[in-house]
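Dear colleague,

Please find below the structure that I am handing over to you. My notes on it follow directly after.

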Amino acid sequence: MTKIPADPSFTLKSLPPEITSKLQKEVKGQVMVDSASRGRYSTDASIYQQFPLAVLVPESAHDIEAGLSIAKESGIPVLPRGGGTSQCGQTTGAALVIDNSKYFRNILSSDLADSDKATIEVEPGIVLDHLNAFLKPHGLWYPVDVSTGAQATIGGMAGNNSCGSRSIAYGNMVHNVLSINAWLANGQLAHFGSYDSSVGEAKVLGNFVKGLVDHLKPEIEAHWPKVIRRVAGYNLDVFHPQSELPYTLDNSVNLSHLLVGSEGTLAYFKSLKLKLARLPKHKVLGVVNFASFYKAMDSAQHIVKLGPTAVELVDRTMIDLSRNNPAFRKTIETALVDAQAKTVDAILLVEFSGDEHAPLLQKLKDLDTLISDLGSPNSVVMMPDPAMQKNLWEVRKAGLNIMMSLKGDGKPVSFIEDCAVPLEHLANYTQALTEVFSKYGSRGTWYAHASVGTLHVRPILDMRRDGATKMRTIAQEASELVRKYKGAFSGEHGDGLCRGEWISWQFGPKITKALAQIKHQFDPSNLFNPGKIVNPPKMDDANYFRYPPSYTVIPVRPKLDWSAWNVQNNPVTETITAAGTGGDPAQGLAKAIEMCNNNGHCRKFDADVMCPSYRITRNEKDLTRGRANTLRLAMSGQLVMNGNDVPPAHLPLATQAVKEVMDLCVSCKGCKRECPTGVDMAKMKIEFLAQYKERFGHTLRDRLVAHLPRYAPMISKVPGLPLLLNLRNHIPLIAKVQEWLTGITAKRSLPVWQGKHFWNQDDLPFATPQELAKSNKRVVLFADTFNAYFENENLQAALSVLQKSGYMVHVARPSSSTSNPNPFCCGRTYLAAGMVDEAKTLLLALIEHLAPYAEQGIAIVGLEPSCLFTLRDEALSMGLGKSAQVVSEHAQLLEEFLAKEQKAGHFTPRFKESAQPILVHGHCHQKAFAAVSPALELLRLIPNANPQLIESSCCGMAGSFGYEVEHIEVSKQMAELSLLPTIRKHPDALVVADGTSCRHQIADGACREAMHIAKVLEKCLI
Ligand SMILES: Cc1cc2nc3c(=O)[nH]c(=O)nc-3n(C[C@H](O)[C@H](O)[C@H](O)COP(=O)(O)OP(=O)(O)OC[C@H]3O[C@@H](n4cnc5c(N)ncnc54)[C@H](O)[C@@H]3O)c2cc1C
Ligand code: SF4
Ligand code: SF4
């Protein structure tokens, strides 16, 4: 078998075929060697990129053992991986990457009886939030609350010695790991726990380290930072404690602590035993507003004396960025003494927690008094309410991501982002470092752990241009400050590629040599993650950059307008240049794709939407991040294609490799709202489809779906045809033949054509703009194709509600006197097939009609979320000018319009009691545009309705997705995640769903009829 030298710099592109086949034969899990799969694992949340040789997604411990053994035999390095959210490049490498996060994530045993001594043993791939969800009913949690808790795995957290916002109270990973079972480089399994009771290999290794430490005590005392936040190198100080917070309560030695922070370089964790903590019963938050950043930093040392569980900083730039982000604006404003933030330069989030509420309220008062005494009276916003606290913590946790939403090639770069200094020096350190930034034409945005002197700061650097040079100079000056203030250069995120070289700076040559000896003793053949901690490359070696100066983008003419991303930024003022001036050869598309910073937040499984496909498959390729990475690699020519898959030069996305990742994207727009940098994969999917279909052509199914708005009117004109077409739902053979011909599944009924549809009513209101102008209650109703031809009663209901409530309504439809042959349609079905030009033609006709009304300030009201939000969103990316803008500004769902009118006192409905409680399912696009709360607000006006929102992701239908034969199973699984089980649990509830296809999924999966809100309002309106 080929023997490959274990050296991080070797240039082998992928595994030799014989090693690949051997791996495939011996493991049950997936082995991936194609360049797209490897590319998706080539980055973490750092500036670095290294293609793995292969990726293994093991199904069991046996798979890992086999992988390790084959790798060792072949001289291939191994890189264990969790969520891949590291910031320093430690999770990138030319190795066999083994991804624990899909299967290797079980809880193995637990002892939860005594909450003061509770422990749990888990496999390394379990995600922190999933573990904590399991522990919550027991009143327990694992208290290392990293910001990435929704995606970080326990194995990765231990690998990095991660630290949470509450480390001042609970410590870091090293303080909370009790033991680790790990595979050693020789393939043996060893138990690392208490040194005194250790045996076998673990004892031998422990003794070896102890022997080194015994000779190095003076060195360790001289060089080891004493701050809690020090994660550089290996934890030699287990044998000679230095940290101000001891690793163990009794100062005994625990050998697992040697592995914590080892970044996958010493051993492969098989399981970890963790120390749990009691969940505090109460928490309160005091948000201290400071008029000067220096003052905020100087106050931290005094605030910690009050005994908080967290003191976290959010600076002015982050406040402004949060205020500009629709998902965070409201929340950040609740934290400010002045909502416009004109007088606020920084805020500190000060949390107190405990089992009794009253003493915590007293703590808030003490905080207020302290801050007054420090010269800033009336500066504390008290937040005793848990919901408000939770929202604010979400904003704080999204800190880095919010910063990363800065458009342009200059990005906030991690390299000195977690230096830790003693609190008494924090103000002077941050001030001096700010001066360093400005000296080099950059600026830092500061946030995070003021309680422990670890402030995250990332100067904005452009790695494609002069970023590397500036990075080195700034790092050098920062290191001098860290030394002056006796701090730690690496305080939280680890060493990886970016701080590996600083280990010797921090500890000096003798300790550095000892670290190399430890590595050699554990791993003589350099099997585990070579080039990290020991023998690291230079931080500014461009060979490892994701965006090196040589990075190029393939020129393309996108179908949609991406010019808003085609900009550059000023690193000091963070202002951006005019749209379209960024120099992107792909006219902004590439830069929009590059907004993904790989933080992995799309791996979350919470109540929100993003990312429904990943929630089903747990595959990196079915994740927004996996998609963005694949698109980026395709746009920059980094995918190696096989013979049949080489796309024409102008269509770099038109490949099977890209199709594979886009296949399960349901265009739900969850990422557009929830991805902190706003990666809009639904819009990118349109570009992909346009390119892909240009290369490979449209299928019959594409055409049937896309042209629906054009042929629907014709069908209704042929007597008996709707009835005939509906037979397909009753005669299985027809459905089967249709499936065979078109790929539309026979397992679902299709929407039912209505003989009497919306457009063959005689008395539809058609008031002109002039007539509407005379009324002070007026509205335009946009009748979408789906409601018009299949569920006309929804439009009738909307009309009835509006007219009964005194509104003059204009229904938008082409006048018979115009020669316009286009139906009034938003073009959604065309966009779903990548037919952007056709969509544009339809949208243009509709927008030209609607603009004069919108210009008068008249609301354009629609019922089907995906159609209405096409007017609000995609229409702006089609070069349709100011008319599209004004229509977008006035387009709203019926409930958005009515809720606003109700608040303004124009809509004063009287509702009779609802016979049933109401469950609401929000359409994904409705959620993406925060348009679910108006529905709830309106429904709350109905006595006894007691509307409850179903906490669900996408229903799984996603337009035509759920009707496609190859997608029906995934579609059903998406609905089964939470939507359908919740509906089944409430057999008496009335289900409200605005989306046509959501209603269909509910009918198919739960045998329940869901109603459009328009019908519910009509039913209850007196
Ligand atoms: C936006 C953002 C915010 C962050 N906030 C924080 C924060 O608050 N606190 C903090 O400490 N960090 C933070 N980080 C860094 C990172 O999220 C954490 O370090 C996290 O714990 C890494 O978990 P992971 O599962 O992604 O690990 P990965 O990146 O997958 O792996 C981390 C290291 O552990 C090793 N490893 C993984 N599994 C094993 C195993 N089975 N055996 C041996 N080694 C293994 C890997 O080889 C790698 O070296 C943040 C990152 C981002 C992008
Ligand atoms: S797509 Fe968004 S959420 Fe996912 S990794 Fe990229 S930036 Fe993060
Ligand atoms: S649009 Fe939806 S399915 Fe597609 S990547 Fe975004 S969140 Fe995932």
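**Findings**

Cys596 is buried, since its relative accessible area is 12%, below the limit of 20% for that class. Please bear in mind that this is a predicted model.

Cys596 also belongs to the residues around ligand 2, together with Asn597, Asn598, Asn599, Gly600, His601, Cys602, Thr624, Arg625, Cys675, Pro676 and Thr677. By class, this shell consists of seven polar residues, four nonpolar ones and one charged residue.

Ligand 3 is surrounded by 13 residues, of which Cys611, Arg627, Cys665, Cys668 and Cys671 are the closest. Two elements, α21 (624-635) and α24 (681-696), each contribute two or more residues to this shell. Nine of the shell residues around ligand 3 are nonpolar, two are polar and two are charged.

A disulfide is a covalent bond that joins the sulfur atoms of two cysteines. How many disulfides does the count give? The count is zero. Cys924 is itself buried, with a relative accessible area of 7%.

Val737 is located in helix α28 and counts as partly exposed because its relative accessibility is 41%.

With kind regards

Conventions:
Residues numbered from 1 in each chain as written. Chains lettered and ligands numbered in written order. Predicted model: local features only at pLDDT ≥ 70, side-chain atom pairs only at ≥ 80, totals over all residues. Heavy atoms only, no water. Helix = DSSP H or I, 4+ residues; strand = E, 2+ residues; numbered from the N terminus. Buried < 20%, exposed > 50% of the residue type's maximum accessible area, 1.4 Å probe, protein only. Near = heavy atom within 4 Å. Nonpolar A, V, L, I, M, F, W, Y, C, P; charged D, E, K, R; others polar. Disulfide = S-S within 2.5 Å.
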